[in-house]
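Subject: Structure for you to look through

Dear colleague,

I am handing over the structure below, and after it I set out what was found. Please keep it open beside this message while you read.

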Amino acid sequence: MDKKNLNIKSARDGIIAGHFTAHELTTEYLAEAEAKNSEINAYISIDREKALTTAKKIDKEIKDGGEAGPLCGIPLAIKDNILIEGGICTAGSKLLKNYTASYDATVIKKLKNAGAVVMGKTNLDEFAMGSSNENSAFGAVKNPIDIERVPGGSSGGSAAAVAAGTALGALGSDTGGSIRLPAGFCGVVGMKPTYGRVSRFGVMAMASSLDQIGPFGKTVADAEAIYTVIKGEDKMDATSKDATESQIAIGNPGSITIGIPKEFFAKEGMDKETAEAMEETINFFRSSGMKIKEVSLPNSKYALSVYYIIMFAEVSTNLAKFDGIRYSRTEDVTDSLLEIYIKTRGAGFGDEVKRRVLLGTFVLSAGYYDAYYTKAQKVRQLIRNDFTKAFAEVDVLLSPVSPTVPFKLGEKTDDPIKMYLSDILTIPVNLAGLPAISIPVKGREGKLPIGFQLIGKRWHDSDLFGMGKFYESL
Amino acid sequence: MAIAINKEDIQRLAELSRIDLQGKEEKLLIDAEKILGYFEELTQVDTDGISPMAGATNMVNIASADDVNEELVQKGIESFPESVKGCLKVPGVMRDIKQNG
């Protein structure tokens with residue numbers, strides 16, 4: 001089996017045709033994952049036994065003439081803030097290092113039904129809070145393309161696992177760019193679905209009005225194959241919804257207009273390489289016959305402030321449940337209940353988590369609530385209105401995923417604002433609840449990866465896959 | 001929203017958030033000042049007549065039936081750090097007044 005050139009479709013076809021078994025495929029990927037993990041640190045845990053048992057079961061089902069699922073035998077890596085029944089789920093936090101999940105997240109149930117083989121749980125910034133994957137209690141993840149650089153965060157482990165060839169696909173979660181930024185930095189495809197397209201039941205909530213689970217793949221088609229399995233309404237998540245997905249006419253490029261949000265191409269802060277790569281990408285689409293139109297999202301310049309206020313507020317609320325009584329008891333404190341809370345959270349949470357919980361408590365406190373939280377919610381509305389206006393004129397929007405190429409480990413860890421600015425181009429999408437995909441710019445072999453982002457109209461997730469496959473095919 | 005946050009505020013927020021800052025108050029204060037200072041830019045935005053956007057969808061709240069999933073209840077109990085005969089065991093909240101004087 002030529003593992004390097006395998007994709008989800010060819011791997012599935014290979015298993016069904018009997019060229020190799022799911023067990024053989026899983027064995028290969030496990031060996032690769034185990035060999036590379038000491039260097040890349042993409043996985044917090046690898047479950048060899050369970051993966052091989054699942055693979056064997058799938059082989060037997062196929063041999064017995066059973067129906068092959070859409071992901072049958074495909075080795076996938078799962079971000080460690082998504083619950084798998086009976087497995088440890090740490091969220092990258094010391095506080096949950098011994099927490100065992102009681103049930104499968106809806107996305108996991110769906111992956112299992114589709115025949116996927118779960119390789120293990122991937123590393124992340126603690127509770128998905130970070131842009132570089134340096135905030136994990138289990139150590140930083142290294143970028144497989146250049147191990148002196150960060151893989152991006154917070155789903156850095158999932159992106160690195162796919163980029164390093166240790167899984168054929170992965171799941172991540174995206175609150176402000178946590179799928180798209182690492183995909184861009186590691187040179188793989190990552191997609192954040194429309195808010196509500198994928199059930200959040202069983203993902204540890206960070207900021208509930210922004211979180212969305214999404215796929216990573218080597219190609220757009222691979223990401224789409226995973227997305228197709230995990231999407232859909234779920235009665236366990238009241239914000240999930242089925243929706244008709246329109247498809248723009250990819251076969252008729254002249255009918256498609258791509259919007260270029262000028263604010264996303266600000267000269268300051270963007271490196272030359274990224275600017276050039278974007279120009280090439282825009283020219284590619286233009287020469288295919290698509291129309292290019294500059295649009296303006298004037299309020300997006302406030303997105304960082306709006307996002308951080310709202311996210312801090314939701315984080316402080318969502319993380320209140322980690323109190324040392326439920327989920328885990330890590331500290332041996334018996335004096336008083338209050339002391340258990342304070343010591344468990346003090347010892348269990350890392351610095352970034354503490355910073356966010358504290359500031360969330362601040363923006364929600366009496367006297368500051370309206371000035372910060374309500375104000376941010378209002379500007380959020382303005383940001384969404386800008387997108388609505390732009391989408392009246394164009395079909396999709398195109399921008400860089402990040403203003404810069406992947407930065408070095410340790411480069412931004414001392415300056416939270418500098419770190420937060422890494423997400424400046426991905427955040428507005430979450431605030432508006434839109435779908436977006438990060439696709440590697442072609443022809444960058446031997447260079448640091450650069451990703452471009454396509455943003456779609458709400459519920460038009462499939463437009464992004466259509467556009468992405470079109471880009472990859474030429 | 002002029003920000004004036006001091007060491008006492010940080011201490012108070014830590015109490016409210018039930019977090020032991022383990023001596024990192026100083027660094028947190030510096031970061032908080034920077035971050036809250038950055039948020040000042042929102043004062044420039046005219047939001048008169050704009051309604052706050054609380055979620056990413058425009059969906060209307062619905063109530064679902066309160067079905068008890070016994071299996072999940074059981075699993076929840078099993079995964080809880082301590083339990084006794086199907087009841088969750090937690091540290092005491094009340095104290096004997098006499099004992100504490």
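**The largest pocket**

Helix α2(A) gives the most to the lining of the largest pocket, with three residues, where helices (H or I, at least four residues) and strands (E, at least two) are DSSP runs, numbered from the N terminus. A pocket, on a 1 Å grid over the protein atoms alone, is an open set of points with protein on both sides within 12 Å along at least five of seven lines, while a cavity is a set of points where a 1.4 Å probe fits but cannot get out, and lining residues have an atom within 4 Å of a point.

Before going further, please note that this is a predicted model, in which local features need pLDDT of at least 70 and side-chain atom pairs count only at pLDDT 80 or more, whereas totals for chains, interfaces and linings use all residues. Residues are numbered from 1 along each chain as its sequence is written, chains are lettered from A and ligands numbered from 1 in the order in which they are written, and side-chain values use heavy atoms, with hydrogens and water left out.

The volume of the largest pocket is about 910 Å³, a volume being the space filled by probe spheres set on the grid points, which are joined across faces, edges and corners. Of the 30 residues that line this pocket, A:Ala163, A:Gly187, A:Val188, A:Lys218 and A:Glu445 are the closest to its centre, and the elements that give two or more residues to the lining are α2 (22-40), α5 (156-163) and β10 (436-440) of chain A. By class, the lining has 13 nonpolar, seven polar and ten charged residues, where Ala, Val, Leu, Ile, Met, Phe, Trp, Tyr, Cys and Pro count as nonpolar, Asp, Glu, Lys and Arg as charged, and the others, Gly among them, as polar.

**The cavities**

The structure holds five cavities of 30 Å³ or more. The largest cavity contains about 70 Å³ of space, and its lining includes A:Ala128, A:Gly153, A:Tyr307, A:Arg356 and A:Asp423; the lining divides into four nonpolar, six polar and two charged residues. The second largest cavity has a volume of about 60 Å³, and helix α6 (residues 180-186) of chain A gives the most to its lining, with three residues. That lining has six nonpolar, five polar and no charged residues.

Two backbone features deserve a look here. A:Ala128 has a phi near 70 degrees, a positive value in a residue other than glycine, and A:Gly153 is joined to A:Ser154 by a cis peptide bond, with omega about 5 degrees. Both A:Ala128 and A:Ser154 are found in the loop between β3 (117-122) and α5 of chain A. Most residues other than glycine have a negative phi, and most peptide bonds are trans.

**Where the two chains meet**

How many residues does each chain bring to the contact? Chain B brings 53 residues and chain A brings 66 residues, contact meaning heavy atoms within 4.5 Å. Between them the chains bury about 5,200 Å², 67% of it on carbon and sulfur atoms, buried area being the accessible area (1.4 Å probe) that two parts lose on being put together, summed over both. In chain B, the residues that lose the most area to chain A are B:Arg18, B:Leu42 and B:Met53, together 14% of what that side buries.

There are three salt bridges between chain B and chain A, a salt bridge being a side-chain nitrogen of Lys or Arg within 4 Å of a carboxyl oxygen of Asp or Glu. B:Lys75 forms a salt bridge with A:Glu85, with the closest N and O atoms 3.1 Å apart.

Best wishes
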